[in-house]
Amino acid sequence: MKMLKIGVITASHSIKMIQQVESYLPNDCELTFIPYRQIKEIVELYEQHHLYYDGILFSGRLAYKILLQHREDLPTPTFYLEITEGDFYKHLFVIRNQYKELQFSRVFIDFLDDNENAFGLYEVLAEDERPYAMQPEYSEEIYEKTLQKHLTLWHEGKIDYAITRLSNIVHRLNEAGIPNTFIFPSTKSIWEQLQQIIHELQISHLQENQWAIGIITLKNETDSELDFTQVLLHKALLEFNQQTKAFSIIQKKREGFEVVTSQSELKKLTNDFTNCSAIHYLTNALPFQVNIGWSVGTTLYQTKKDAYIANTEAAAHHFSCAFAMIDQEEVVGPLGMDTCIEYSIAVDPEIERLSERLEISSLHIQKILAVLSNNQSNELTSEDLAHHLGHTVRQANRILNKLEEKGVAETIYRKQEKLRGRPKKVYRIDFRKTSQRKE
């Protein structure tokens, strides 16, 4: 397995505490420390470094929350160390032993949200025994604002002790003469959390390197032209691969070609299954149409089987297109088209019963549901349905007529889009009606 690299973005004061777990790390894992001194450095450090690591670890929630304020998407798996309940109560026990007369009502805990029952503390303390707390404000001014809260409570004579999660204000608390404890996860807690992070990253790495197979076939092929068209298709695939380096294998089959890659490469080729650069290239490079079916899986047999299913879905359309079989028997396609829908081919007992009552295939029902969801409306025309399913208008009409016959579709109005020709019938679809209607 490749070396697992984790970048640790942390306040400088916290590095030594995290370094204590380095001796426990497996040989194929390493930590690289990326220190910051000011809050405003956090986002820039993440942007500069995240692409070079398998995962990013923050030493606390503060830096993680600051980052989320500047970007919603985190392309690199990102984590932060938490104070566990065990860490929290262990520190309280030590403080209580050292200051036996200390009342918790005269303690300020700057990371304890006074709107939550954090760590169950409010369950064991009466209301007049509870410590001072504050709603954390994750901003660049958090150090100064939190410090001022400590100083104000101290100068007003309301507290005798301070508990903080911010290492950067400890020296200021000491200068002010405020007895304090800086809470940080224990070595045991850090290691337990790090083990879980390593496990998640290893699973993610394995998933990224799962088999990914593409089945590429010719549309409307004839035996007389097959050899020539396959030569052109093979040449185009080689040229595409020379540019992308995406395929580890390109293998000729009777019905076309099979290409092998990894899930991570396929995600790049399809922009996370929203588009398909391969179909765009082949469409522009070839004088004939092709179908592509993609699939990802843990076994070569199942992956190849699913890729053929996706290819069959692509072949049902009258233009060059690509479909993909993704997790849990979900099919998505045509990739990159405005008619792209996602639907399931898994056996659903409720859909199967509906299929029997309506005398329409369960796959057609799944596709119609996907079209309605994609359109965010339960209204459609036969042209709409044909457009999304790759059927002819006549085939779509047969489906809608059957649904109307069974009472789950009704013509609600007709719309005239051109000066000449028949107006289009607009149907309202409601599959729930089939359970209310007596056959």
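Buried residues account for 47% of the 439 residues in this chain. The model you are looking at is predicted, and its chain holds 16 helices and 18 strands. Here is a friendly tour, from the overall dimensions down to single residues.

**Overall dimensions**

- The C-alpha trace of the chain spans about 90 × 55 × 40 Å along its principal axes.
- For a compact globule of 439 residues, the radius of gyration would be near 22 Å, but this chain has 31 Å.
- Take the contacts in the chain between residues at least 6 apart in sequence: 58% of them join residues at least 24 apart.

**The seven-stranded sheet**

- Strands of a sheet pair through backbone hydrogen bonds, either parallel or antiparallel.
- Here, seven strands make an open sheet with mixed pairing, and their order is β10-β11-β9-β12-β13-β14-β15.
- At the edges sit β10 (249-253) and β15, each of which pairs on one side only.
- On average, neighbouring strands of this sheet are turned by 20° against each other, with direction ignored.
- Within the sheet, β9 (residues 211-218) and β11 (residues 256-262) run antiparallel and are joined by seven bridges.
- To find one of these bridges in the structure, look for I213, whose bridge partner in β11 is V260.
- Helix α12 (residues 300-315) packs on the sheet, where it touches β9, β10, β11, β12 (290-297), β13 (321-326), β14 and β15. The direction of α12 makes about 150° with that of β12.

**Aromatic pairs**

- The structure has 11 aromatic pairs. One of them is the stacked pair of Y46 and F58, with 6.5 Å from centre to centre and 25° between the planes.
- This pair links distant parts of the chain, as Y46 belongs to helix α2 (residues 41-49) and F58 to strand β3 (residues 55-58), 12 residues apart.
- Y46 counts as buried because its relative accessibility is 0%. F58 is also buried, with a relative accessible area of 0%.
- F88 and F111 make an edge-to-face pair, 6.2 Å centre to centre with 85° between the planes. F88 lies in helix α4 (residues 85-98), while F111 lies in the loop between β5 (107-109) and α5 (121-124), so this pair ties together parts that are 23 residues apart in sequence.
- F88 counts as buried because its relative accessibility is 0%. F111 is buried too, and its relative accessible area is 18%, which falls under the 20% cut-off.
- F88 and F111 also belong to one aromatic cluster, together with Y89 and F119.

**Helix α14 and the residue after it**

- The 14 residues of α14 should span 20 Å at 1.5 Å a residue, and the end C-alpha atoms are 20 Å apart, so the two values agree.
- An α-helix has 3.6 residues a turn, so residues three or four places apart point the same way.
- In α14, the residues I365, Q366, K367, I368, A370, V371 and L372 are buried.
- Just after α14 comes Q376, which takes a positive phi of about 55°.

**Backbone details worth a look**

- Most residues other than glycine have a negative phi, and most peptide bonds are trans.
- F273 is not a glycine, yet its phi is positive, at about 65°. You will find F273 in the loop between α10 (263-270) and α11 (277-285).
- F273 counts as buried because its relative accessibility is 16%, under the 20% cut-off.
- E359 is another residue other than glycine with a positive phi, near 60°. Its place is in the loop between α13 (349-358) and α14 (362-375).
- E359 counts as exposed because its relative accessibility is 52%, over the 50% cut-off.
- The peptide bond from G333 to P334 is cis, and its omega is near -5°. P334 is found in the loop between β14 (330-333) and β15 (341-344).

Definitions and conventions. Residues are numbered from 1 along each chain as its sequence is written. This is a predicted model: local features need pLDDT of at least 70, side-chain atom pairs count only at pLDDT 80 or more; totals for chains, interfaces and linings use all residues. Side-chain values use heavy atoms; hydrogens and water are left out. Helices (H or I, at least four residues) and strands (E, at least two) are DSSP runs, numbered from the N terminus. Buried means under 20% relative accessible area, exposed over 50%, partly exposed in between (1.4 Å probe, protein chains only). Rings of Phe, Tyr and Trp (its six-membered ring) pair if their centres lie within 6.5 Å; planes under 30 degrees apart count as stacked, over 60 as edge-to-face and the rest as tilted. The expected span of a helix is 1.5 Å times one less than its number of residues. Two strands pair if DSSP finds at least two bridges between them. Axes are lines fitted to C-alpha atoms, for helices over the stretch in contact, and angles run from 0 to 180 degrees between N-to-C directions. Contact means heavy atoms within 4.5 Å. The radius of gyration is taken over C-alpha atoms; the globule rule is 2.2 Å times the number of residues to the power 0.38.
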